[in-house]
Amino acid sequence: MIASMIGCLRVDLRAGGKQLVAAIVLGVGLALLETGGMWLKAASTDVDWTAFSLGDNVLALLCGMIPPQPGERNDVTFPVGWLLLWAACLYAPLSYPSRDMHGFGRNVALECGNRGAWFLSKCLWVIVAALFFLGGLLVAEVGLTAFASGNLGFTAEEIHPVLELPRRDDLQGAPYDIGPFVATCALACVALSVLTMVSSLFVRPLISFSVALVLLILPALAITGWLPGEYLMAVRSEVLRTAGLSVVQSLLYSTALLLVSMLGGLALFDRADLLGRSTSND
Amino acid sequence: MGTVLAMELRKAFGGRWFKIALLLGVVFALLGAAETMDVYSRAAFPTDGSSYTFPTSASCFATWLGVGAWGEGGAYNLFFYGIVFVAPLAYSWSSIAETESGYRGEVISRCSRPAYYFSKLCAAFLSAAAVVAAALLVNLVAVACFFPAYLPNSYDNLYTCMYSSDALSHEFYSNPALFVSLRTLFDSVLCGAWACVVLSLGWFIRNRVVTFVGSYIALLGIEYFNHYFFASLGSVYLFEFSPFQILRGWSYAYTHDPVVSCCVVAALICIALLLTTFKVKRDVL
């Protein structure tokens, strides 16, 4: 099984090489675009962006939003940069594995006699793609911070005026140590990517993306602790909120989501009718 | 052209994907209505026993998604960010599917090429527009079951968020039914035009994920540009040009200029027509 899986993964890394490169390019490109935009916004509000540390820049990227309360109307802006980031992260997981379900990839799954190895290699490929995306993002952020301030610490102190958070008692003041959040956020990103990929194998990738959009946008509605999007928002973690999601809770949730997606998907894929799947959309 | 157009319309409106898109749109619209009711009931009747029911801002015209008083939370955003992805699902996939299956080759050898391509554009436009119009009207019906059809009062603009500078605000306060019709028409046309762009991209890109998800991500990038890079140009007149924002009655960031909104629709239609014309003139073999 393991030998078959390694063989399948090697094929996937070669066949899905373009999508892996696209994941890195998207990660780097979005980090440059969004951090550039945030610096411009900071400059236009007389905030010294050259003092931002790596933690400040990453926090601005991953902040997200907290749900509005009645009467809190002017402070609510939907985090479009945050949505753009995670929607782009799902591009590679949706693009390659579901495409490989047809043609050569399907023949490999049928003829290697071990569907589990084929499926698990796709999961590993998606984990690699998500890590490449996050790696590209982080490397670009390190480069930008080294150029601007040279402060590569994960402590965020200066960014608060740019985040446009409402004044609430449950929000903590700076400084924020976002190191642990970055680690749990990476795990949540991997879990969401695997969940999206697994669902794209059983329903169409476009439906799978629609569901992922719901899982990303609905956290703006409420604090539940059950939606994956909440674990990708720094403002929902205990870093910024006194009663926020703890590191342990985030680790448990993301690990459980990852395992359920992989094991549930494996059980379903083992019995799925691969030959009967239609390739047309009509 | 008439026969081909009738055939395309039958395929578009009778297809499984039109029903899926319609279902998703209606679910998003009902979630939006539920959120509005929840937010209003918590704000107007707090747990301390006091109550102020804000009568005219609690009109079904003000709480409708096209205005969004009392409900600019997750479901409200889900509708406007989601419907732009969902509307093209109705029929814009057909350019890729028919190229892959060989159906396109069969059809264009039996009728004129412009008739086939432009009929397909019309079908994609109308099916996406129908999905958006149906979703918005379902939302209006849902909120009308909970909120009375008061004529909104301009004194309540703090709660309705429709100020005199907003597009169509005069119609909103004087004839809300006309306002609902005009906004529904505009949103339908905008999403129909976007569906045409996605369909036209499908003539050149065979990968569905790249065509649908890639173009959607590009649209999110335009919104980011609108709100961050454009915002830094503080000395110029700032306006919304992101399709996600101009679909709404108003937005927190900048004003909605009706001329700009119409230009965005025109630009989308021009892009779709240019791509399709290029495809029509291209050698099939």
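Reader: Before anything else, what counts as a helix or a strand here?
Author: Helices are DSSP runs of H or I with at least four residues, strands are runs of E with at least two, and both are numbered from the N terminus. The model is predicted.

Reader: Fine. Where is Arg241(A) found?
Author: Arg241(A) sits in the loop between α10 (205-217) and α11 (247-271) of chain A.

Reader: Buried or exposed?
Author: Buried. The cut-off is under 20% relative accessible area, and Arg241(A) has 9% relative accessibility, so it counts as buried.

Reader: Which residues is Arg241(A) in contact with, leaving aside neighbours within four places in sequence?
Author: Ile66(A), Asp170(A), Leu171(A), Gln172(A), Ile223(A), Val235(A) and Arg236(A).

Reader: Step back to chain A as a whole. How many helices and strands?
Author: Chain A has 11 helices and two strands. From the N terminus the order is α-α-α-α-α-α-α-β-α-β-α-α-α.

Reader: What does the C-alpha trace of chain A span?
Author: About 60 × 40 × 35 Å along the principal axes.

Reader: And how much of chain A is buried?
Author: Buried residues are 55% of the 282 in chain A. The chain exposes about 11,400 Å², with 63% of that from carbon and sulfur atoms.

Reader: What about contacts in chain A between residues at least 6 apart in sequence?
Author: Of those, 79% join residues at least 24 apart.

Reader: Switching to chain B. How many helices and strands there?
Author: Chain B has 13 helices and zero strands. The radius of gyration of chain B is 21 Å, close to the 19 Å from the globule rule for 285 residues, so this chain too is as compact as a globular protein of its length.

Reader: Span and burial for chain B?
Author: The C-alpha trace of chain B spans about 75 × 45 × 30 Å along its principal axes. Of its 285 residues, 56% count as buried.

Reader: Now α4(B). How many residues does it have, and what does it reach?
Author: Helix α4 of chain B covers residues 74-86, which is 13 residues, and reaches 17 Å from first C-alpha to last, close to the expected 18 Å.

Reader: How many residues of α4(B) are buried?
Author: 13 of the 13, so α4(B) is largely enclosed by the rest of the structure.

Reader: And α5(B), how many buried there?
Author: Six of the eight residues in α5(B) (94-101) are buried, so to speak mostly covered. The buried ones are Ser94(B), Ser95(B), Ile96(B), Ala97(B), Glu98(B) and Thr99(B).

Reader: What do the buried residues of α5(B) pack against?
Author: They pack against α1 (2-14), α6 (103-108), α7 (113-144), α10 (176-201) and α11 (208-229) of chain B.

Reader: Which residue follows α5(B)?
Author: Gly102(B), with a positive phi near 90°.

Methods
Residues are numbered from 1 along each chain as its sequence is written. Chains are lettered from A and ligands numbered from 1 in the order in which they are written. This is a predicted model: local features need pLDDT of at least 70, side-chain atom pairs count only at pLDDT 80 or more; totals for chains, interfaces and linings use all residues. Side-chain values use heavy atoms; hydrogens and water are left out. Buried means under 20% relative accessible area, exposed over 50%, partly exposed in between (1.4 Å probe, protein chains only). Contact means heavy atoms within 4.5 Å. Accessible areas come from the Shrake-Rupley method with a 1.4 Å probe; for residues, only the protein chains shown count as cover. The expected span of a helix is 1.5 Å times one less than its number of residues. The radius of gyration is taken over C-alpha atoms; the globule rule is 2.2 Å times the number of residues to the power 0.38.
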